[in-house]
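Subject: Structure for your review

Dear colleague,

Please find the structure below, followed by an account of what was found in it.

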Amino acid sequence: MITIITGKLNNLEYDVLALASAFYPGREIVFKETDKEAPLGEVIYLEKIIDETAPKNEQRRQFYRYLSEQTGRQLPWGVLTGVRPTKLTTAAIRGGMTPIQAADMMKKEYLVSAEKAVLAAEIAAREAELFAEEKETAGALPTLPRKSGLNLYIGIAFCPTTCLYCSFTSFSIEKWGHRVDDYLKALFREIDWTAKKFAGEKLNTLYIGGGTPTSLSAEQLERLLAKIRGSFDLSNIREFTVEAGRPDSIDREKMIILKKYGVDRISINPQTMNDKTLRLIGRNHSAAQVSEKFALARKAGFDNINMDIILGLPEETAEDVAETISQIQKLRPESLTVHALAVKRASRLKMESEGVPMPGPSADEAEKMMYIAAEGAASMGLRPYYMYRQKNMAGNLENVGYAAPGREGIYNIIIIEETQSIVALGAGTVSKRVFPDGHIDRCDCVKNIEQYIARVDEMIDRKKKLFE
Ligand code: SF4
């Protein structure tokens, strides 16, 4: 246990806790204003480390330097503990800095490592190429307006089986298949409201995720896509993605249906190409099936396929990641999203109860894995274009999306940069309204599918309030 005595610095608790947890993973940390009652474990007196008159960011740096000295470690993202570090570099570049200056600012202001600072600046520069400020869009630029436009997300909360580390809203089709039609009915009510509310507005992007949308039968999938096409103006759409994440949910008929309705980007996610790990984490497919379904999608005409992999899966080493990458290199997807495993409490309990060893590469091993993945992406001509961080990530690293030029997942950037509104339909989804002054309001839909089906009108009312 570590006891932190805050003294007058009790307004810093959030930052102090985030940094101390990153330097001392797994240790319990408690706060006390004074040491009147005998403090437990190791004791840190904030007032001895932090100058109370210093600006807040300097206070963070002082605490970071102290922890770094104590542990002999550095954190790749320095004092930054938030989910979206690229928002800082994006603002800097849009404010007139060059990418090099933005990377320097990340190093000095936030003590970010040189490598991560360059990554964040590179991603921000790419974002600036893809999205133009409104005043710049007058010409025929191949860019999207940065702040205007509507994006639609549809969540299909079903998967063939539930992966052990899953932190999304997902119900196994085996157990819940009998509720899919009612789920679609509820979803169609949301679609009807949305289409009416935003009549006349053109969609920028449309993303059907989940869950695994291709868990639906071919007939259900077609019904959903026909409903969407009949409800929205898709004539200007920049990107229409469907997650076909699990190879065990893909067949020829479904691929042909997706193509027929104008889906132009799909995701087929191996997570790892190691069969032993696939079994261990409860995915019902082999690595060979991934390659087979990838070929099938290519044959159906998909020329923009993303693949997701996860670093830090149970018992995996950097060599396993290298093997996964070498198999993906043979397939040559247009984009590759590299996640560092973040194990949330619920999935952790599930893994423990099923006797699956807890994932947890050392910080060095995690960094090595990240490096192998980044090198692999570069060797396929893919460049980093978006990134975000989560709590409890393996090695305190980040998720990074790499893509071939022109094949960047636009929706992914929008969700991270938070410059455009997203209307999200389906269980467990979160809608976001971005106001012209930049402030953001959100509303969510319940996660449980029974609740969602029963309370869909309430979900619509939540959106009415948000968008009216
Ligand atoms: S495929 Fe994704 S959403 Fe489905 S269970 Fe696995 S991790 Fe969860």
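Asparagine 306 is buried, since 24 other C-beta atoms lie within 10 Å of its own. Here a residue is called buried if 20 or more other C-beta atoms lie within 10 Å of its own, exposed if 12 or fewer, and partly exposed in between, with C-beta atoms placed from the backbone. Please note that this is a predicted model, in which local features need pLDDT of at least 70 and side-chain atom pairs count only at pLDDT 80 or more, while totals for chains, interfaces and linings use all residues. Residues are numbered from 1 along each chain as its sequence is written.

Asparagine 306 belongs to strand 12 (residues 305–311). Helices (H or I, at least four residues) and strands (E, at least two) are DSSP runs, numbered from the N terminus. When neighbours within four places in sequence are left aside, asparagine 306 is in contact with Arg265, Ser267, Pro333, Glu334, Ser335, Thr337 and Gly409; contact requires the C-beta atoms of two residues, placed from the backbone, to lie within 7 Å. Asparagine 269 is 37 residues from asparagine 306 in sequence, and their C-alpha atoms are 7.6 Å apart in space.

Strand 12 also takes part in the packing of helix 15: the buried residues of this helix pack against strand 12, helix 13 (318–331), strand 13 (335–340) and strand 15 (399–403). Those buried residues are Ala366, Glu367, Met369, Met370, Ile372, Ala373, Gly376 and Ala377. Helix 15 (residues 363–379) has 17 residues and spans 24 Å from its first C-alpha to its last, close to the 24 Å expected at 1.5 Å a residue. The expected span is 1.5 Å times one less than the number of residues in the helix. Just after helix 15, glycine 381 has a positive phi of about 80 degrees.

Helix 18 (residues 456–467) has 12 residues and reaches 17 Å between its first and last C-alpha, close to the expected 16 Å. Its buried residues are Val456, Met459 and Lys463. Viewed down the axis of helix 18, these fall within an arc of 55 degrees, so they line one face of the helix; the arc is that of the directions from the helix axis to the C-beta atoms. They pack against helix 8 (180–197), strand 16 (421–425), strand 17 (430–434), strand 18 (440–444) and helix 17 (449–454). On the face of helix 18 turned away from the buried side are the exposed residues Asp457, Glu458, Lys464 and Lys465.

Isoleucine 414, in helix 16, is buried, with 27 other C-beta atoms within 10 Å. Leaving aside neighbours within four places in sequence, its contacts are Asn151, Thr205, Thr419, Gln420 and Ile422. Asparagine 151 and isoleucine 414 are 263 residues apart in sequence and 8.7 Å apart in space, C-alpha to C-alpha.

Glutamate 418 is partly exposed, with 14 other C-beta atoms within 10 Å. Leucine 111 likewise has a positive phi, of about 60 degrees, without being a glycine. Leucine 111 lies in the loop between helix 5 (99–110) and helix 6 and is buried, with 20 other C-beta atoms within 10 Å.

The peptide bond from glycine 210 to glycine 211 is cis, with omega near 15 degrees. Glycine 211 is in the loop between strand 9 (203–210) and helix 9 (218–231). Both glycines are among the residues that surround the ligand, including also Cys159, Thr162, Cys163, Cys166 and Arg246; a residue is near the ligand if its C-beta atom, placed from the backbone, lies within 6 Å of it. The shell around the ligand divides into 4 nonpolar, 6 polar and 1 charged. In this classification Ala, Val, Leu, Ile, Met, Phe, Trp, Tyr, Cys and Pro count as nonpolar, Asp, Glu, Lys and Arg as charged, and the others, Gly among them, as polar.

Finally, the domain assignment gives domain 1 (2–71), domain 2 (86–136) and domain 3 (147–458), with bounds that come from an automatic or database domain assignment. The contact between domain 2 and domain 3 takes 10 residues from domain 2 and 11 residues from domain 3.

Yours sincerely
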